[in-house]
Amino acid sequence: MAILETQELTYTYSVGTPFEKTAVDHVSLKIEEGEMVGVMGHTGSGKSTLIQHFNGLLKPTSGKVLLEGKDIWADKDKIRDVRFKVGLVFQYPEYQIFEETVYKDIAFGPKNMGLDEAEIKRRVYETAHDIGLKEELLERSPFELSGGQKRRVAIAGVMAMEPKVLILDEPTAGLDPAGRDKILDHIRRYHERTKNTILIVSHSMEDIATFADKILVMSKAKLFCYDETVNVFARADEISDIGLDVPQITKVFGELRRRGLDFGKEVYTVGYARDLLLKHLKDREVR
């Protein structure tokens with residue numbers, strides 16, 4: 001069963017005014033439990049508006065959002081419960097840190113869920129481990145940490161609520177390559193432990209290529225495509241036509257194909273490209 005589903009979801013800003021604009025236009029999709037989904041789209045495509053519907057921050061102008069098969073707006077008094085089940089980490093979440101210690105900041109969400117101290121402690125320590133924060137940092141002020149560590153503290157605060165769906169909006173924005181890789185590795189660790197559904201919004205095609213099982217592409221308020229990663233990047237020319245980029249390695253192999261060396265359209269990670277080239281060289285040696 002789909003953990004998240006939208007049915008003809010439409011959202012229009014400033015209805016009935018001269019500034020009226022439809023940001024999400026009749027989007028229908030299903031996201032299965034346990035999937036890792038990349039969300040792509042150029043600025044203004046509707047992707048940020050879409051993800052804010054998943055945990056009820058925005059209410060559809062028309063259409064439905066279903067969580068575990070139930071309309072999240074069927075009972076508006078229960079929308080708070082939806083936000084515990086669908087965690088949303090905004091871009092640059094470290095600016096939202098406010099507690100005295102790292103422990104208290106991570107514990108803030110679970111505490112508001114009404115959990116007992118033993119359960120809160122378990123979640124804080126497990127999540128800190130998942131996200132790569134050493135135990136000795138838990139009693140320090142988060143404002144003494146590096147930028148990358150602060151980012152991890154903020155993400156851990158949402159992870160500790162153990163949402164069934166975790167949505168991260170540009171979690172690696174502004175980080176150097178080493179910091180970016182650490183964040184993604186720790187998110188993978190969290191996914192391996194919890195098997196929960198994760199959505200990552202990113203402009204980095206390399207990040208999405210190595211991370212996502214499926215990719216959701218928005219363009220001009222509509223769902224352009226939602227498919228397995230290999231199938232999406234096989235449509236590199238179409239992706240480029242709507243103003244998005246593709247992984248550099250996909251571009252390289254596209255150029256090789258145009259020059260007569262066709263390895264197929266499904267090359268989108270460096271590891272897979274390496275294996276193809278090694279096999280090609282080995283086959284040439286045999287001949």
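User: What counts as a salt bridge here, and how many does the structure hold?
Analyst: A salt bridge is a side-chain nitrogen of Lys or Arg within 4 Å of a carboxyl oxygen of Asp or Glu. The structure, a predicted model, holds 22 salt bridges.

User: Which residue does K214 pair with?
Analyst: K214 forms a salt bridge with E35, and their closest N and O atoms are 3.1 Å apart. K214 sits in strand β9 and E35 in the loop between β2 (21-32) and β3, so the pair ties together parts 179 residues apart in sequence.

User: Are those two buried or exposed?
Analyst: K214 is partly exposed, at 21% relative accessible area. E35 is buried, at 12%.

User: What about D130, who is its partner?
Analyst: D130 forms a salt bridge with R193, with 2.6 Å between the closest N and O atoms. This pair links distant parts of the chain, D130 being in helix α4 (residues 117-130) and R193 in helix α6 (residues 177-194), 63 residues apart. D130 is buried at 2% relative accessible area, while R193 is partly exposed at 34%.

User: Which residues are in the network with them?
Analyst: Salt bridges link E119, R122, R123, E126, D130, E162 and R193 in a network.

User: And E255, where does its partner sit?
Analyst: The partner is R258, with the closest N and O atoms 3.4 Å apart. Both are in helix α10 (residues 248-258), 3 residues apart, which means a separation of about one helical turn. E255 is partly exposed at 32% and R258 is exposed at 59%.

User: Switching to the sheet. What is the strand order?
Analyst: Six strands form an open sheet in the order β6-β7-β8-β3-β9-β10, with mixed pairing. β6 and β10 (222-228) are at the edges with a single partner strand each, so one side of each has no neighbour in the sheet. On average, neighbouring strands are turned by 15 degrees against each other, direction ignored.

User: How do β3 and β8 run, parallel or antiparallel?
Analyst: Parallel, with 4 bridges joining β3 (residues 36-40) to β8 (residues 197-201). G38 stands opposite I200 in β8.

User: Which strands does helix α1 touch?
Analyst: Helix α1 (residues 47-54) packs on the sheet and touches β3, β6, β7 (165-169), β8 and β9 (214-219). Its direction makes about 155 degrees with that of β7. Helix α5 (residues 147-159) also packs on the sheet, touching β6 and β7, and its direction makes about 165 degrees with that of β6.

User: Last one, E94. Where is it?
Analyst: E94 is in the loop between β6 (86-89) and α3 (102-112). E94 is buried at 14% relative accessible area. Its side chain makes a polar contact with the side chain of R151 at 2.6 Å. Leaving out residues up to four places away in sequence, E94 touches K150, R151 and A154.

Key
Residues numbered from 1 in each chain as written. Predicted model: local features only at pLDDT ≥ 70, side-chain atom pairs only at ≥ 80, totals over all residues. Heavy atoms only, no water. Helix = DSSP H or I, 4+ residues; strand = E, 2+ residues; numbered from the N terminus. Buried < 20%, exposed > 50% of the residue type's maximum accessible area, 1.4 Å probe, protein only. Polar contact = N/O pair within 3.5 Å; in protein donor to acceptor, adjacent residues only side chain to side chain. Contact = heavy atoms within 4.5 Å. Pairing = 2+ DSSP bridges. Axes fitted to C-alpha atoms, helices over the stretch in contact; angles between N-to-C directions.
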